[in-house]
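Visitor: I would like to learn how to read the features of a fold. Could you take me through one, step by step?
Guide: Gladly; here is what we will look at together.

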Amino acid sequence: MGIPKGGQAVPISPPSTGFDRLGDREEADRRLFQDCCSVKELAAAEPVKKLDSLDDDDMPWLRGPRIAETEPPRPSSKMEAARAEKAQKVLGQIDPESLTGKVAVPIADQASYFGHFSSLCLLDFIQELMQTRKDLEKAPTLSERRGKLARGLACEPSEFDKDNKIIIMKLPQKSHSLDFSPGQTVALTDNSRHPLAGGVVGLATVVFCPSVADESLGGGGGGKGQGKGQQGGGAVIVELESAEASQLCNKHKLLRLDAAPNFTSYRRQMESLKRLASRRQQDRWPLWDLLPMGGVGGDNVDSWAAKMRTSLDNKQSDSFQSGSAKQAIDSKQKRLQELAAEPPQMEEFAAQEVEQMTRFLRESSESLPESPGLAKLNASQRQAIADALNQKLTVIQGPPGTGKTHVSTQLIRTWVDLGIRPILVTSHNNVAVDNIAESAKKCGINVVRVGRTERISETLETCSISNMAADLVQAQPWRFEKQPSEKGKVGLAKKQILKSADVVCVTTIASASGVLKDTTFEAILMDEAAQATEPSTLVPIAHCKAKRLVLVGDHCQLPANTSSLEAETRGLTLSLFGRLVAQGLPASFLDTQFRMHPAIAEHSSAAFYGGKLKSGVSAEARPPPLGFPWPKPRLGGVAMLNTGGQGVESKEGDSWCNEAEMAVVVKTLESILKAGDLLASQVGVVTPYSGQVKRLRRSIRSELSTNIIGFGRELEIASVDSFQGREKELIIFSAVRSNNDGRVGFLADWRRLNVLVTRARRGLIVVGDVETLKHDPAWGDWINW
């Protein structure tokens, strides 16, 4: 790939020239980079003294009109000549023919798609690497106190692990609590060396880590998987990616443990992009051509990223301009809608059954005898299922509390009843996958959960493919006698289990694992699709063949997080869900919420959902909690406590905190818990900044009496982002920002406000500086409401 001046990444050899015809490549490259200077031309510059810096602004010949090949560029001054000489030395070391990673892109739309997202993935991963390096350069004692580093760990291989991949790393007697979660990638380094000095001996995945939760309220209880299998106690258990455990432990008696970038996620996203770009037409799967149809890049960024463009200079901003004519874009969007609405291929008998079920869903008010769950669906939910039965691509938008998981489960159940199976259920996170898997299991559906056992809900242990395969090999050993190794036996057992499954549940990244790769499914259902980046969404689509795709989510809530600001402003946080809706693909809208007091939902409906979101729960069913003087209790439990003039924001490391707001939160929380109407587990204390989260945990622990009923680790104190998808009877929110300039930071993202106000069922209390918050239009509207 190459990046022309002010443009986004594109294939070096455009598909129109014929990638395989080497004779065309030189001419194609020359046309693409006709305004740039070749290495040979730079080499012809007169060498002079070297300079210590090289700046694009000091190389005008790289930005000016094309220079004829017979006339090498002549620097206008000795300074420019020196810089040219330095550039010549650097570029002269590059052999273009030795560059790796070239991808043949036979289809024009796919070329643009590949160029756009591969560069964004690379930008984001580079930023992750840079942040890892920055963390490794910090003083070890500081990293240890933060739980991000452990040194002096004695290691030994697990005697129960037949694959020789598990290492038990015993913590020293005096060591800090660790903040590693199951499934996290870590680097193992010889304890006598530093990771940045070549000391890394292997990468591994955390299987078990002693809980950090007892250090602070709301720490999460140590994650799933603890207490299962081997007990960690004072040890960290990890699984190696490639090295053998016994050899590593024999060679390195003491190890150091550091957080590492997620190499697996990056590799699988890039492999997915490569698959979509390089497969020829006859080898392509049904859903693939839908993806680039509406166009990517240009103005296809989410609303928050669009705001941040103002921080970019003009040269960078040029790269956002779309090169396609508006008319061409509109025709592609129309074609996208037509392709999405096409019915999936199926046998005539199956098509008749789908038609009958569709007619029932759209016209009948009563349930079919064999589908009792459908009777509990409202009209919008039934319409969403009907759409998913009849379209190749369906987008279902479910605002907070509208029953997205219930609709997904009933859709899966309907598919299975109609013989449309197996189905792949996926999401970017394990919690969302587990929620649907548990619901489907309760309906009697044969569910298989694929993924690391330590990251799967304990209620799904019997559905774990690893556990099921081990049990099958043990119960029926004669079926696997031809397999020479234990690993081969388990692998064969997994394949047999998948053949009989109705539903396979897995995260998006794990869907590219060997056991599922190139498996054929009748449908893919992706939950929380608006929270995933498009490259992450591509992984199951590129690695699992399917006839139907259903995206379930809400693009009016928070999007995915990224490491790179540059990648974010170029559109990486815009989900496939959000892009398709923005490009005119009609979404099935779930229009009735059953979570909140109608007054709490009123503003979100008007401000974020065009007034289309209705309430299916009465005010009487959601009375405001006792212990707080609600300003208008008859109208619902909503209150704003203005702390303006009482204190200002202050820095907490790289984050922010506000002492005045902490005092108000503690006092309010104590009053409500003492009233006895709510337990601590029914209350959520939420704030946008990690600095305030830490301060609130310490403050509440020290100032609130432990004899309050239900008080303890049940009280959750967390960020707004981590509360997405959750609900509590009462939410107390600390806004933190308080300054004379009206700066609200990332509170200016209206989706964060939407998530915040829609977590509460009975009561919402916002603690903040009204004058500061009102500077943001979205917050000003809410305060005025």
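Visitor: How many bridges join strand β19 to strand β21, and do they run parallel or antiparallel?
Guide: First, a word on the source: this is a predicted model, in which local features need pLDDT of at least 70, side-chain atom pairs count only at pLDDT 80 or more, and totals for chains, interfaces and linings use all residues. Residues are numbered from 1 along each chain as its sequence is written, and side-chain values use heavy atoms, with hydrogens and water left out. Helices (H or I, at least four residues) and strands (E, at least two) are DSSP runs, numbered from the N terminus, and two strands pair if DSSP finds at least two bridges between them. Here, β19 (residues 683-687) and β21 (residues 728-734) run parallel and are joined by four bridges. Val685 stands opposite Ile732 in β21.

Visitor: What is the strand order in the open sheet of five strands?
Guide: The order is β16-β22-β21-β19-β20, with parallel pairing. At the edges are β16 (637-642) and β20 (716-719), each of which pairs on one side only. On average, neighbouring strands of this sheet are turned by 20° against each other, direction ignored.

Visitor: Which strands does α22 lie across?
Guide: For angles, axes are lines fitted to C-alpha atoms, for helices over the stretch in contact, and the angles run from 0 to 180 degrees between N-to-C directions. Contact means heavy atoms within 4.5 Å. In this model α22 lies across β19, β20 and β21, and runs at about 165° to β20.

Visitor: At roughly what angle do the axes of α21 and α22 cross?
Guide: Helix α21 (residues 659-675) and helix α22 (residues 690-703) have axes that come within 10 Å and cross at roughly 45°. That makes α21 oblique to α22, given that angles under 35 degrees count as roughly parallel, over 145 as roughly antiparallel, 65 to 115 as roughly perpendicular and the rest as oblique. From α21, Glu659, Glu661, Met662, Val665, Val666 and Leu669 make the contact, together with Gln692, Arg695, Leu696, Ser699, Ile700 and Glu703 of α22. These residues divide into six nonpolar, two polar and four charged; Ala, Val, Leu, Ile, Met, Phe, Trp, Tyr, Cys and Pro count as nonpolar, Asp, Glu, Lys and Arg as charged, and the others, Gly among them, as polar.

Visitor: How does α20 pack with α23, and at about what angle?
Guide: Helix α20 (residues 598-608) and helix α23 (residues 750-757) pack at about 155°, with their axes 10 Å apart. That makes α20 roughly antiparallel to α23. The contact involves Ile600, Ser604 and Phe608 of α20 and Trp750, Leu753, Asn754 and Val757 of α23, which divide into five nonpolar, two polar and no charged.

Visitor: Which residues point one way from β3, and which the other way?
Guide: In a regular strand the side chains alternate between the two faces of the sheet. From β3, Thr185, Ala187 and Thr189 point one way and Val186, Leu188 and Asp190 the other way, and all are buried, where buried means under 20% relative accessible area, exposed over 50% and partly exposed in between (1.4 Å probe, protein chains only). β3 pairs with β4 (residues 200-208) in the antiparallel sense over five bridges, with Leu203 as the bridge partner of Ala187. Five bridges also join β3 to β6 (residues 254-259), again antiparallel, and Leu257 is the bridge partner of Leu188 there.
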